[in-house]
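Please open the model in a viewer and keep the sequence panel at hand. The stops below proceed through helix contacts and then pockets.

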Amino acid sequence: MKVWRDHLSFWLISAAMMGLLITLQVSLKPWQETDKKLQRLLYLPDGEYLKIASLGYRELIADLLWIQSIQVMGEKKVSESSGRWLYRALDIITTLDPKFVRAYEGGGLALTTLVVLPEESNQLMMKGMRHNPTEWKLPFLIGINYYYELYDDGKAAEYMAQAARLPGAPSSLGTLAANLYVSAHSPQEAVNLLTALYEQTTDENAKKLLEIRLKIVMTERDLSLLEQAIDRYKKQTGQHPPRLEALIGAGLLPALPVEPSGGRYLYDARTGAVSSSEMTERLSLTGRRRNR
């Protein structure tokens, strides 16, 4: 009798599972028509509901939806409305399978390359970070969005720095994050980041490169500090200081910074410009951003 009940339960669960899969296939079949592909997602249940209804086959349902999403992402042109439905599909997929890192990465990129939805892309990848905190590519891609799409160098620097600290991240991410901090007028944050990375690494070659970059960033920090003090001096007196030492006398600096590479800071009293004898060019970001 028990065996019969076990068989009956198995077939009932199987039938329910097949019904769910068929429903999803029917709902998603119209995606093969370009602009209507994602409209049917309106009729898909919420991801949390599907987790319960999937009867333990959450990953299978997520894979099915992912295959359909890939077809949409393969289109040459996707409208903004369809892009928003794509975001809904990706949200459902990653609710069913929170560890599906490829869906976060591929979906996050699609939401900014096929359509311009950087906020939705960031929301998806932040969700991915909560469930996959050691995946460096997720904060890296968020940083790219903040720089390229949202013009926020400070936020871009924060996420790049977070990515740089994670296992497997390329060593170049630390330098990129530092440059972003400098661009966001936060050079001390750049110094703090590179100092921490220098102390953590055991690779001697990486240490040498970080030491060079750290001196450059420290120079940027000092130049920024001097420029701010010179600007305050001019506002107080109506003219540039005759020499840098005057900033100390005016109480604007406790002491003049020491050039970290062994050089000296140069000052032009006529223009108020300050520079380093060891650094011919100031740090700047040259990456292109989306035109607005």
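Is the crossing of α6 and α7 left-handed or right-handed? It is left-handed, the term for a near helix turned anticlockwise from the far one by less than a right angle, with right-handed used if the turn is clockwise.

The model is predicted, so local features need pLDDT of at least 70 and side-chain atom pairs count only at pLDDT 80 or more, while totals for chains, interfaces and linings use all residues. Residues are numbered from 1 along each chain as its sequence is written, and side-chain values use heavy atoms, with hydrogens and water left out.

**First stop: α6 and α7**

Select residues 118–131 for helix α6 and residues 137–149 for helix α7. Helices here are DSSP runs (H or I, at least four residues), numbered from the N terminus. The two pack at an angle of about 160 degrees, with their axes 9 Å apart; axes are lines fitted to C-alpha atoms over the stretch in contact, and angles run from 0 to 180 degrees between N-to-C directions. That angle makes α6 roughly antiparallel to α7 (over 145 degrees; under 35 degrees counts as roughly parallel).

Next, show the side chains of Pro118, Ser121, Asn122, Met125, Met126, Gly128 and Met129 in α6, which meet Leu138, Pro139, Leu141, Ile142, Asn145, Tyr146 and Glu149 in α7. Contact means heavy atoms within 4.5 Å. By class, this contact has 9 nonpolar, 4 polar and 1 charged residues; Ala, Val, Leu, Ile, Met, Phe, Trp, Tyr, Cys and Pro count as nonpolar, Asp, Glu, Lys and Arg as charged, and the others, Gly among them, as polar.

**Second stop: α5 against α7**

On the α5 side, select Tyr104, Glu105, Leu109 and Thr112; they meet Lys137, Leu138, Leu141, Asn145 and Glu149 in α7. This contact comprises 4 nonpolar, 2 polar and 3 charged residues.

Move to α9 (172–183) and α11 (204–237). Their axes come within 11 Å and cross at roughly 5 degrees; α9 and α11 are therefore roughly parallel to each other. Thr175, Ala178, Asn179 and Val182 in α9 meet Arg213, Val217 and Glu220 in α11.

About 330 Å³ of space lies in the largest pocket. Centre the view on Pro170, Ser171, Leu197, Ala206 and Leu210, the closest to its centre of the 15 residues that line it. A pocket is an open set of points on a 1 Å grid over the protein atoms alone where a 1.4 Å probe fits, with protein on both sides within 12 Å along at least five of seven lines; lining residues have an atom within 4 Å of a point. α11 supplies the largest share of this lining, 4 residues. The lining divides into 8 nonpolar, 6 polar and 1 charged.

**Last stop: the second largest pocket**

The volume of the second largest pocket is about 180 Å³. Select Val182, Ser183, His185, Glu220 and Arg282, the closest to its centre among 13 lining residues. α11 gives the most to this lining, with 4 residues.

Definitions and conventions. Grid points are joined across faces, edges and corners, and a volume is the space filled by probe spheres set on the points. Angles under 35 degrees count as roughly parallel, over 145 as roughly antiparallel, 65 to 115 as roughly perpendicular and the rest as oblique.
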